[in-house]
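Good morning. Please look at the model on the screen while I go through it, starting with one term that we will need.

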Amino acid sequence: MKILIAYGTTYGSTRSIAERIKDRIAAANIGEITIAPFDNKLSANDFDILILGSCIHMQSWISPSKKFIKRSATGLHTNPKPTWAFSVGLPPDSGVEPEAKVMEKWLRQYIPLRGHTLFQGAWKKEDMGGCFRLFFSCFGGKFEDKRKWNLMDEWADGIVQELRNDHPEILEN
Ligand SMILES: Cc1cc2nc3c(=O)[nH]c(=O)nc-3n(C[C@H](O)[C@H](O)[C@H](O)COP(=O)(O)O)c2cc1C
């Protein structure tokens with residue numbers, strides 16, 4: 001069972017979340033995991049299970065992530081695979097659900113999904129150049145790390161459970 005965990009990141013928090021999910025799923029020993037950033041060489045055809053994540057810019061997945069989704073769409077409709085997606089943004093706590101719905105709606109236009117969630121990521125001061133940092137602070141922007149590792153673990157555990165239910169014969173430890 002070949003599992004792809006692919007991610008699109010600008011400043012690294014989406015990669016850290018993908019790695020957390022990878023570690024959790026690897027501990028369940030349910031298949032061979034590849035973790036990689038989205039790029040032109042990556043193909044959904046090479047895997048049995050897909051876990052796809054991207055950071056959000058301006059209420060949209062970033063470009064390399066969107067490209068992967070769009071070019072995988074036809075293949076995933078003709079040959080569907082268990083697929084989960086996660087978005088990473090920094091909406092306020094009260095905005096997580098609405099933003100998650102916007103991202104999921106966009107994704108479902110292209111690919112069938114078993115599930116989608118939105119994790120809050122991080123803004124770190126050191127990620128930004130001096131001018132942008134000043135501009136950001138002047139307009140009340142806050143540097144914060146809102147990653148909630150327990151939510152990622154729970155989400156990964158849910159995926160493992162679904163896969164075990166689907167394939168008890170293959171996936172038992
Ligand atoms: C240019 C820009 C636009 C952003 N737009 C959004 C947005 O629309 N919604 C949101 O929730 N977060 C937005 N964010 C916050 C990022 O999604 C958040 O910082 C995330 O943790 C970044 O992930 P990364 O570290 O993997 O790049 C934006 C960040 C940048 C730099």
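A residue is called buried if 20 or more other C-beta atoms lie within 10 Å of its own, exposed if 12 or fewer do, and partly exposed in between, with the C-beta atoms placed from the backbone. Asn 29 has 10 C-beta neighbours inside 10 Å, so Asn 29 counts as exposed.

Now the source. This is a predicted model, in which local features need pLDDT of at least 70 and side-chain atom pairs count only at pLDDT 80 or more, while totals for chains, interfaces and linings use all residues. Residues are numbered from 1 along each chain as its sequence is written.

Next, the overall layout. Helices (H or I, at least four residues) and strands (E, at least two) are DSSP runs, numbered from the N terminus. The protein has 6 helices and 5 strands. Read from the N terminus on, the order is β-α-β-β-α-β-α-β-α-α-α. The C-alpha trace spans about 55 × 30 × 30 Å along its principal axes. Of the 173 residues, 28% are buried.

UniProt, in an unreviewed entry, places the feature "domain: Flavodoxin" at residues 4-126. Its positions are given in the numbering used here, feature names are shortened, and annotations may be inferred rather than shown by experiment. In the model, that span is 38% helix and 25% strand.

Which strand does S4 pair with? S4 pairs with S5, in the parallel sense, over 6 bridges; two strands pair if DSSP finds at least two bridges between them. The chain crosses from S4 through H3 to S5, and this β-α-β crossover is right-handed. Right-handed means that, with the strands pointing away from the viewer, the path from the first strand over the helix to the second runs clockwise. As one example of a bridge, Phe 86 has Thr 117 in S5 as its partner.

Now the inside. A nonpolar core is a set of buried Ala, Val, Leu, Ile, Met, Phe, Trp, Tyr and Cys residues joined through C-beta atoms within 7 Å. The largest one has 35 residues, and Ile 5 is among those with the most contacts inside it. Elements that give it two or more residues include strand S1 (2-8), helix H1 (13-28) and strand S3 (49-55). Two residues are in contact if their C-beta atoms, placed from the backbone, lie within 7 Å. Leaving aside neighbours within four places in sequence, the contacts of Ile 5 include Ile 21, Ile 33 and Ile 51.

Is a loop residue such as Ile 111 buried or exposed? Ile 111 sits in the loop between helix H3 (96-110) and strand S5 (115-120). Ile 111 is buried, because 22 other C-beta atoms lie within 10 Å. Beyond its neighbours within four places in sequence, Ile 111 is in contact with residues including Ile 69, Leu 76 and Thr 83.

Last, back to Asn 29, in the loop between H1 and strand S2 (32-37). Most residues other than glycine have a negative phi, and most peptide bonds are trans. Asn 29 has a positive phi, near 55°. Met 58, in the loop between S3 and H2, also has a positive phi, near 55°. With 5 C-beta neighbours inside 10 Å, Met 58 counts as exposed.
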